[in-house]
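The sequence and structure come first.

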Amino acid sequence: MLQAAEGAYRTITVRPEPSGFGAEITGLDLSRPLDREQLAEVKAAWAAHAVVRFPDQPLDLDQLEAFTLQIGPFGEDPFIKPMPGRPNVLELRREPDEKATNFGAGWHSDWSFQPTPPAATLLHSEVVPHVGGDTLFCDCTRAYEALSPTMRSMLAPLRAVHSAGRAYGTKGVFARETERRTMQIIVSEEADKTHTHPLVRTHPVTGRKALFISPVYTLGIEGLSPQESQAILGYLFGHMTQDAFVYRHRWRPRMLLMWDNRCTMHLAEGGYDGHLRVMHRTTVAGDVPA
Ligand code: SIN
């Protein structure tokens with residue numbers, strides 16, 4: 001990740017993770033509109049570190065929506081019933097007695113099967129379990145840059161086939177689920193549609209290239225047989241998710257996390273059976289991957 005120069009920020013404090021992937025931002029109050037310079041610095045830190053956390057931000061839903069809209073217009077969230085009266089807010093809620101697999105348990109980049117997948121996802125913690133519940137992120141930019149030049153050239157012209165089907169399709173994981181789930185998932189034939197995107201995309205702000213694939217939403221590679229696709233994707237998924245490229249996010253209550261779906265994948269780890277976990281999530285619209 002890009003490391004901003006020491007003292008590059010005037011209005012906020014940014015503490016990057018040692019790898020530069022992930023950072024903590026303090027020194028601002030997200031419950032009120034940011035001024036122009038603060039907002040520009042938040043966006044710069046987000047571009048540099050891809051996953052940024054804002055501790056101690058007790059936001060209500062109006063404030064979460066208002067901050068999201070400062071980053072950009074809302075994205076479109078399919079297949080999950082939003083909060084009542086809040087078409088752009090999802091509640092990720094898992095009750096202590098729930099046995100269904102926790103939501104988001106496989107590596108993915110949010111809604112990558114859409115023609116214009118969301119640029120950002122914002123997740124605000126309301127109730128955090130005492131154990132488990134971490135969210136893991138992988139740095140798809142550094143993973144790409146660590147590949148050999150020959151592998152990068154081979155991947156350059158390829159397009160990956162994305163679909164929501166494995167999760168939300170009529171034969172998907174949620175359609176086959178037998179355990180009760182609090183979140184209302186909308187299984188649909190619409191989810192079985194496919195859409196292709198460049199396997200390597202260029203970030204519109206940083207200009208850096210990143211792998212844009214995930215085990216949950218990428219079905220294959222256009223023009224390759226299933227076996228060929230599986231061999232390449234399987235290698236890449238193993239490469240991307242090695243510890244060197246992963247940031248483990250540990251939640252505290254009233255924390256806001258904002259990640260960049262254009263250059264990261266994430267996974268909600270679970271491990272908190274018997275405990276309540278409640279999060280509120282919004283997305284920011286993105287552009288056509290190129
Ligand atoms: C998700 O948005 O995929 C879930 C993340 C989480 O609950 O930690």
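## Arginine 93 and its surroundings

In this predicted model, the side chains of arginine 93 and glutamate 95 form a polar contact of 2.7 Å. Arginine 93 belongs to strand E4, which covers residues 90-94. Its relative accessible area is 26%; because this value falls between the limits of 20% and 50%, arginine 93 is classed as partly exposed. Beyond four places in sequence, arginine 93 is in contact with Glu98, Thr182, Met183, Leu276, Arg277 and Val278. Methionine 279 lies 186 residues from arginine 93 along the chain, yet the C-alpha atoms of the two are separated by 6.4 Å.

## Histidine 266

Histidine 266 is located in strand E14 (residues 264-268). With a relative accessible area of 4%, histidine 266 is buried, because the cut-off for that class is under 20%. The side chain of histidine 266 makes a polar contact of 3.3 Å with the side chain of aspartate 110, and another polar contact, of 3.4 Å, joins the side chains of histidine 266 and tryptophan 259. Neighbours within four places in sequence aside, the residues in contact with histidine 266 are Gly106, Trp107, His108, Asp110, Thr135, Leu136, Phe137, Trp259 and Asn261.

## Nonpolar cores

Which residues touch the most other members of the largest nonpolar core? Among its 53 residues, these are Leu155, Tyr168, Leu199, Leu211, Ile213, Leu236 and Met240. Helix H6 (residues 226-240) gives the most to this core, contributing five residues. Another core, of 24 residues, lies apart from the largest one and includes Tyr9, Val52, Phe54 and Ile71.

Isoleucine 213 touches Ala160, His162, Leu199, Thr218, Leu233, Leu236, Phe237, Met240 and Met265, with residues up to four places away in sequence not counted.

## Packing of H1 and H2

Helix H1 (residues 36-49) packs with helix H2 (residues 61-71) at an angle of about 75°, and their axes are 10 Å apart. H1 is therefore roughly perpendicular to H2, a class that spans 65 to 115 degrees. On the H1 side, the contact is made by Leu39, Val42, Lys43 and Trp46; on the H2 side, by Phe67, Gln70 and Ile71. Sorted by class, the contact has five nonpolar residues, one polar and one charged.

## Loop residues

Alanine 50 and arginine 254 each have a positive phi although neither is a glycine. Alanine 50 sits in the loop between H1 and strand E3 (51-54), while arginine 254 sits in the loop between strand E12 (246-249) and strand E13 (256-260). Phi and accessibility are listed below.

| Residue | Phi | Relative accessible area | Class |
|---|---|---|---|
| Alanine 50 | about 70° | 1% | buried |
| Arginine 254 | about 60° | 44% | partly exposed |

Alanine 146 lies in the loop between helix H3 (140-145) and helix H4 (149-155). Is alanine 146 buried or partly exposed? Its relative accessibility is 47%, so alanine 146 counts as partly exposed. Not counting residues up to four places away in sequence, alanine 146 touches His239 and Phe245.

Definitions and conventions:
Residues are numbered from 1 along each chain as its sequence is written. This is a predicted model: local features need pLDDT of at least 70, side-chain atom pairs count only at pLDDT 80 or more; totals for chains, interfaces and linings use all residues. Side-chain values use heavy atoms; hydrogens and water are left out. Helices (H or I, at least four residues) and strands (E, at least two) are DSSP runs, numbered from the N terminus. Buried means under 20% relative accessible area, exposed over 50%, partly exposed in between (1.4 Å probe, protein chains only). A polar contact is a pair of N or O atoms within 3.5 Å; within protein, one must be able to donate a hydrogen and the other to accept it, and residues adjacent in sequence count only if both atoms are side-chain atoms. Contact means heavy atoms within 4.5 Å. A nonpolar core is a set of buried Ala, Val, Leu, Ile, Met, Phe, Trp, Tyr and Cys residues joined through side-chain atoms within 4.5 Å. Axes are lines fitted to C-alpha atoms, for helices over the stretch in contact, and angles run from 0 to 180 degrees between N-to-C directions. Angles under 35 degrees count as roughly parallel, over 145 as roughly antiparallel, 65 to 115 as roughly perpendicular and the rest as oblique. Ala, Val, Leu, Ile, Met, Phe, Trp, Tyr, Cys and Pro count as nonpolar, Asp, Glu, Lys and Arg as charged, and the others, Gly among them, as polar.
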